[in-house]
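Biologist: Could you take me through this model? I would like to start with the annotation and then turn to the details.

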Amino acid sequence: MKLQLALDLVNIPEAKEVVKEVQAYIDIVEIGTPVVINEGLRAVKEIKEAFPNLDVLADLKIMDAGAYEVMKASEAGADIITVLGATDDSTIRGAVEEARKHGKKILVDMINVKNLEERAREVDALGVDYICVHTGYDLQAEGENSFEQLRVIKKVVKNAKTAIAGGIKLATLPEVIEASPDLVIVGGGITGQADKSAAAAEMKRLISAR
Ligand SMILES: O=C([C@H](O)CO)[C@H](O)[C@H](O)COP(=O)(O)O
């Protein structure tokens, strides 16, 4: 089980500072969608150059032009690129094919997918690397989480790795770990803590104990 740090509400210098603090405890650093919107793929490039030993995920949440956008993120140095599960199969296929050309991986974000079980089966058959259940900020604010969704995809996904994101904190991590995802994605649960390094270290300890 791997730990991914999601960076959403920072600029590039702030992102570097946070990664410096917690790099010993994380496997993947995510350049979050708001950071890409604010800073562009330059953020991916700069973080990969500064931390070559970490995998970098570009959270582009691709909905169209799968091959082209994956090509651009790959050129910027991303190791993993996100595509939305709600989009059409041809976009996901294009993204996967392009990722293979560059030796990169595709994580499909199932945010707001209504027919989760059926869509997870379909997406799994498209040869993606990760399928991720995700409760975004806006539904987190309404008290929702993706813990049950994780159990659903764990039952039907046979090829891809499974991941979970959305509001995971130290207090809720044990319940997440219980469902055995391959990847746990944490943003505010680390970046919102006064001692980010301690929070990340404790999360890594809990994950490694499994
Ligand atoms: O993908 C995300 C969100 O849609 C904003 O871009 C976050 O990276 C993801 O939710 C993880 O962050 P936390 O919810 O703060 O753990």
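**Annotation, pocket and packing**

Modeller: UniProt, in an unreviewed entry, places the feature "domain: Orotidine 5'-phosphate decarboxylase" at residues 2-203. Please keep in mind that this is a predicted model.

Biologist: How much helix and strand is there over residues 2-203?

Modeller: The chain is 46% helix and 21% strand over residues 2-203, and the end C-alpha atoms of that stretch are 10 Å apart.

Biologist: What is the volume of the largest pocket?

Modeller: Its volume is about 760 Å³. The lining of the largest pocket consists of 44 residues, and those nearest its centre are His134, Thr135, Gly136, Tyr137 and Gln140.

Biologist: Which elements give two or more residues to that lining?

Modeller: The strands are S1 (2-7), S3 (55-62), S5 (105-109), S6 (130-134) and S8 (183-186), and the helices are H2 (33-39), H7 (137-140) and H10 (188-191). H7 gives the most, with 4 residues.

Biologist: And how many of the lining residues are nonpolar, polar or charged?

Modeller: The lining has 17 nonpolar, 18 polar and 9 charged residues.

Biologist: Let us change topic to the helices. Which residues of H3 are buried?

Modeller: In H3, residues 42-50, the buried ones are Ala43, Val44, Ile47 and Lys48. They fall within an arc of 125° when seen down the axis of H3, so they line one face of the helix.

Biologist: Why would such a spacing put residues on one side?

Modeller: An α-helix has 3.6 residues a turn, so residues three or four places apart point the same way.

Biologist: What do the buried residues of H3 pack against?

Modeller: They pack against helices H1 (12-22), H2 and H4 (66-76), together with strands S2 (28-31) and S3.

Biologist: What about H8, which residues are buried there?

Modeller: H8 spans residues 147-156, and its buried residues are Phe147, Leu150, Val152, Ile153 and Val156. The elements covering them include H6, S6, strand S7 (161-165) and helix H9 (173-178).

Biologist: Where is valine 157, and is it buried or exposed?

Modeller: Valine 157 is in the loop between H8 and S7. Valine 157 counts as buried, at 10% relative accessibility. Beyond residues up to four places away in sequence, valine 157 touches Ala120, Asp124, Ile131 and Thr162.

Biologist: Next, arginine 119: buried or exposed?

Modeller: Arginine 119, which is found in helix H6, counts as buried because its relative accessibility is 7%, and the cut-off for buried is under 20%.

Biologist: What is arginine 119 in contact with?

Modeller: Apart from neighbours within four places in sequence, arginine 119 is in contact with Gly85, Thr87, Asp88, Asp89, Ile92, Met110 and Val113.

Biologist: One last topic, the backbone. What is phi at alanine 65?

Modeller: Alanine 65 has a positive phi of about 50°, although it is not a glycine. Alanine 65 lies in the loop between S3 and H4, and it is partly exposed, with a relative accessible area of 35%.

Biologist: And what is phi at asparagine 112?

Modeller: Phi of asparagine 112 is near 65°, a positive value in a residue other than glycine. Asparagine 112 is in the loop between S5 and helix H6 (116-124). Asparagine 112 counts as exposed, at 53% relative accessibility.

Definitions and conventions:
Residues are numbered from 1 along each chain as its sequence is written. This is a predicted model: local features need pLDDT of at least 70, side-chain atom pairs count only at pLDDT 80 or more; totals for chains, interfaces and linings use all residues. Side-chain values use heavy atoms; hydrogens and water are left out. On a 1 Å grid over the protein atoms alone, a cavity is a set of points where a 1.4 Å probe fits but cannot get out, and a pocket is an open set with protein on both sides within 12 Å along at least five of seven lines; lining residues have an atom within 4 Å of a point. Grid points are joined across faces, edges and corners, and a volume is the space filled by probe spheres set on the points. Ala, Val, Leu, Ile, Met, Phe, Trp, Tyr, Cys and Pro count as nonpolar, Asp, Glu, Lys and Arg as charged, and the others, Gly among them, as polar. Buried means under 20% relative accessible area, exposed over 50%, partly exposed in between (1.4 Å probe, protein chains only). The arc is that of the directions from the helix axis to the C-beta atoms. Contact means heavy atoms within 4.5 Å. UniProt positions are given in the numbering used here, feature names are shortened, and annotations may be inferred rather than shown by experiment.
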